Amino acid sequence: MTDVWSQRADAFRESPTHREGPDLDLLVEWCEPGHDVKVLDVATGGGHVARRLREEGCTVITVDPAPGMRPDVVAPAEELPFADGSFDVVTCRIAAHHFQDVRRAVAEMARVSRRLLVIEDNVFRGEHVEEAERLRDPTHVRSYSEDEWKEMVTEAGFEVEQVEHFARRQSADTWLERVETPPETAARIRELLAGEIEDGMLGFASIVLKARKSQK
Ligand SMILES: C[S@@+](CC[C@H](N)C(=O)[O-])C[C@H]1O[C@@H](n2cnc3c(N)ncnc32)[C@H](O)[C@@H]1O
């Protein structure tokens, strides 16, 4: 899996939907950035969250299991090589649906954060979308609903303060080409997602969630 991601590194560094957007703006705002804020960006990919938070003056360490993403530390979210409470904020954007053990990853992110968790991911929209996602990209494990996210974060000892949903549209061709989907697989995916594609544009939905370490 790591090699697959390293091969995709340039595509994710360049991808407009990853590089910018109102979801990224909100995520940055919810980190309460500043000069004395230390952040861990988990599954950093093209490093867009880290770049934006550094521009706001934060000290950011990036972690990702794919060396090709050029993170500061190579490690999976499920095994973060940092001491308890090492960071003020832990971020994780558009990646948790790839984690083999999301609960363990959330527990790890909660363990190393002393203040905030700010997470964005694709939100669950139905089993047909999950099937299409897995066909397009076998590294897709599962997307989660708002309730599932709230439950996982609460179980990890954080209180959810704010949640926001985002909808955006992207060219279905670009989405399929980014991971070089073979033509027959692409045809099946288009069939599954027929109800979500309009004028060649595919609808996506994501959730951003801000949670604070519980004082209880
Ligand atoms: C879509 S990219 C992340 C996008 C990036 N966070 C951004 O905001 O542009 C998904 C990333 O998840 C990473 N990844 C996959 N499995 C992982 C795991 N178990 N733990 C941490 N990162 C993982 C991949 O290496 C890849 O860099």
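This is a predicted model: local features need pLDDT of at least 70, side-chain atom pairs count only at pLDDT 80 or more; totals for chains, interfaces and linings use all residues.

Student: How many helices and strands does the protein chain have?

Tutor: The protein chain has 10 helices and 8 strands. Both are DSSP runs numbered from the N terminus: helices are H or I with at least four residues, and strands are E with at least two. The radius of gyration is 17 Å, close to the 17 Å that the globule rule gives for 216 residues, so the protein chain is as compact as a globular protein of that length. That radius is taken over C-alpha atoms, and the rule is 2.2 Å times the number of residues to the power 0.38.

Student: What box do the C-alpha atoms fill, and what percentage of the residues count as buried?

Tutor: Along the principal axes, the C-alpha atoms fill a box of roughly 50 × 35 × 30 Å. Of the 216 residues, 38% count as buried. A residue is buried if 20 or more other C-beta atoms, placed from the backbone, lie within 10 Å of its own, exposed if 12 or fewer do, and partly exposed in between.

Student: Which strands does β1 pair with?

Tutor: β1 runs parallel to strand β2 (residues 59-64), with 5 bridges joining the two, and V42 stands opposite V63 in β2. β1 also runs parallel to strand β4 (residues 87-93), through 4 bridges, and there L40 stands opposite V90. Two strands pair if DSSP finds at least two bridges between them.

Student: Which helix makes a unit with β1 and β2?

Tutor: Helix α5 (residues 48-55) does: β1, α5 and β2 make a right-handed β-α-β unit. Right-handed means that, with the strands pointing away from the viewer, the path from the first strand over the helix to the second runs clockwise.

Student: Which residues of α5 are buried, and what covers them?

Tutor: H48, V49, A50, R52 and L53 are buried in α5. Their cover includes α3 (16-19), α4 (22-30), β1, β2 and β4.

Student: Now V89: is V89 buried or exposed?

Tutor: V89 is in strand β4, and V89 counts as buried, with 23 C-beta neighbours inside 10 Å. Leaving aside neighbours within four places in sequence, V89 is in contact with C31, V37, V39, S113, R115, L116 and V118. Contact means that two C-beta atoms, placed from the backbone, lie within 7 Å.

Student: And where does E146 lie?

Tutor: E146 lies in helix α8 (residues 146-155). E146 is partly exposed, with 14 other C-beta atoms within 10 Å. Not counting residues up to four places away in sequence, E146 touches V123, V163 and I207.

Student: Lastly, which residues come nearest to the ligand?

Tutor: Of the 23 residues around the ligand, W5, H18, A43, G45 and A77 come nearest. A residue is near if its C-beta atom, placed from the backbone, lies within 6 Å.

Notes: Residues are numbered from 1 along each chain as its sequence is written.
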